[in-house]
Amino acid sequence: MEDINLHFTGDISAVEKAHNLLAALIDNNIQLKEGNIGIDPRTIEWKRVMDMNERSLRNIVIGLGGTTEGVPRQSGFNITAASEVMATLCIAKDLQDLKEKLGNIFVGYTFSNKPVFARDLKANGAMAVLLKEAIKPNLVQTLEGTPAIIHGGPFANIAQGTNSIVATKMGLTLSDYVVTEAGFGSELGAEKFFDIKSQFGNLQTNAVVIVATIRALKYHGGVKLTALQTENIAALQLDSQTSISILRT
């Protein structure tokens, strides 16, 4: 279990390297006169990433130190799991599809207001090479000895929030059924599983299991947080009926 939480197979490190490679190519293109495509530094949306929630690096100024050290501009760091590369990896069908999708990553605008993508910097090929092992799902086992596939981990609040299409499809070729956990609550992870991952991957779900606590049901039934410890059957029944209606819909 500790190996899963401590670097595991290096997938997240590969995502980090691929993401930061694009960031380096962006700043290199701004710095150089030959081959410069005219990116307006003020419009760049692509920050760097690291596998740590380091709030002091979220908004910084880079390129200080003189003419040989880059062009000063505002930038920063995000956490690696929030990288668009992570989201792209989990939605890709295969390595070629991953390369194409990485090329579609938006970077910013030129001074003439034309959009710039990773493919314009010829970054997607090298990024895909860095991810050639990371695109392979990881097979582990639970404490009960059953097989489990762990692959990817994009944020649900800004991305699709579920594991990779490749992992799910691999599981479907090896077993009679595959259970996928869609985190961040049914209104976020599960909806994105159905509306994004299932659509891209052409997946059809046969059953849904919703895990809910009594406190959560009462809260959604209109009970205030301070009164959740008090028994309230009416609120519990109200939210249960609402949930069943939503599922039927």
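The model is predicted. The chain has 249 residues, and buried residues make up 35% of them. Its secondary structure comes to 9 helices and 8 strands.

**Overall build**

- Along the principal axes, the C-alpha atoms fill a box of roughly 70 × 45 × 35 Å.
- Take the contacts between residues at least 6 apart in sequence: 57% of them join residues at least 24 apart.

**Helix H3**

- Helix H3 spans residues 84-91 and is mostly covered. Of its 8 residues, 7 are buried.
- The buried residues in H3 are Val85, Met86, Ala87, Thr88, Leu89, Cys90 and Ile91.
- These buried residues pack against five helices: H2 (11-31), H4 (95-103), H5 (124-130), H6 and H7 (186-201).
- H6 (165-174) also supplies at least two residues to the lining of the second largest pocket.

**Second largest pocket**

- The second largest pocket holds about 830 Å³ of space. Its lining has 28 residues, and those closest to the centre are Ile149, Asn163, Val179, Thr180 and Glu181.
- Strand E8 (147-150), like helix H6, contributes at least two lining residues.
- Glu181 is among the residues closest to the centre.

**Aromatic contacts**

- The count of aromatic pairs is 3.
- Phe106 has a relative accessible area of 25%. Tyr109 has 33%.
- Another edge-to-face pair joins Phe193 and Phe194, at 5.4 Å centre to centre and 80° between the planes.
- Buried or partly exposed: which is Phe193, and which is Phe194? Phe193 counts as buried because its relative accessibility is 10%, under the 20% limit. Phe194, at 33%, counts as partly exposed.
- Phe106, Tyr109 and Phe117 form one aromatic cluster.
- Phe117 also takes part in a charge contact: the charged end of Arg119 sits over its ring, 4.5 Å from the centre.

**The loop between E5 and E6**

- Strand E5 covers 106-109 and strand E6 covers 115-117, with Thr110 in the loop between them.
- Thr110 is buried, with a relative accessible area of 11%.
- Leaving out residues up to four places away in sequence, Thr110 touches Ile37, Gly38, Ile39, Asp40 and Val116.
- Asn113, in contrast, is exposed, with a relative accessible area of 58%.
- Asn113 has a positive phi of about 70°, although it is not a glycine.

**The loop between H7 and H8**

- Asn202 is found in the loop between H7 and H8.
- Asn202 is another residue other than glycine with a positive phi, near 55°.
- Is Asn202 buried or exposed? Asn202 counts as exposed because its relative accessibility is 70%, over the 50% limit.

**The loop between H8 and H9**

- Leu228 lies in the loop between helix H8 (214-220) and helix H9 (233-248).
- Leu228 is buried, with a relative accessible area of 5%.
- Which residues does Leu228 contact, leaving aside its neighbours within four places in sequence? They are Arg215, Lys218, Tyr219 and Val223.
- Leu228 and Arg215 are 13 residues apart along the chain, and their C-alpha atoms are separated by 5.8 Å.

Note on methods: Residues numbered from 1 in each chain as written. Predicted model: local features only at pLDDT ≥ 70, side-chain atom pairs only at ≥ 80, totals over all residues. Heavy atoms only, no water. 1 Å grid on protein atoms, 1.4 Å probe; cavity = no way out; pocket = protein on both sides within 12 Å on 5 of 7 lines; lining within 4 Å. Points joined across faces, edges and corners; volume = space filled by probe spheres on them. Helix = DSSP H or I, 4+ residues; strand = E, 2+ residues; numbered from the N terminus. Phe/Tyr/Trp six-rings, centres within 6.5 Å; stacked < 30°, edge-to-face > 60°. Buried < 20%, exposed > 50% of the residue type's maximum accessible area, 1.4 Å probe, protein only. Lys NZ or Arg CZ within 6 Å of the ring centre and 35° of its normal. Contact = heavy atoms within 4.5 Å.
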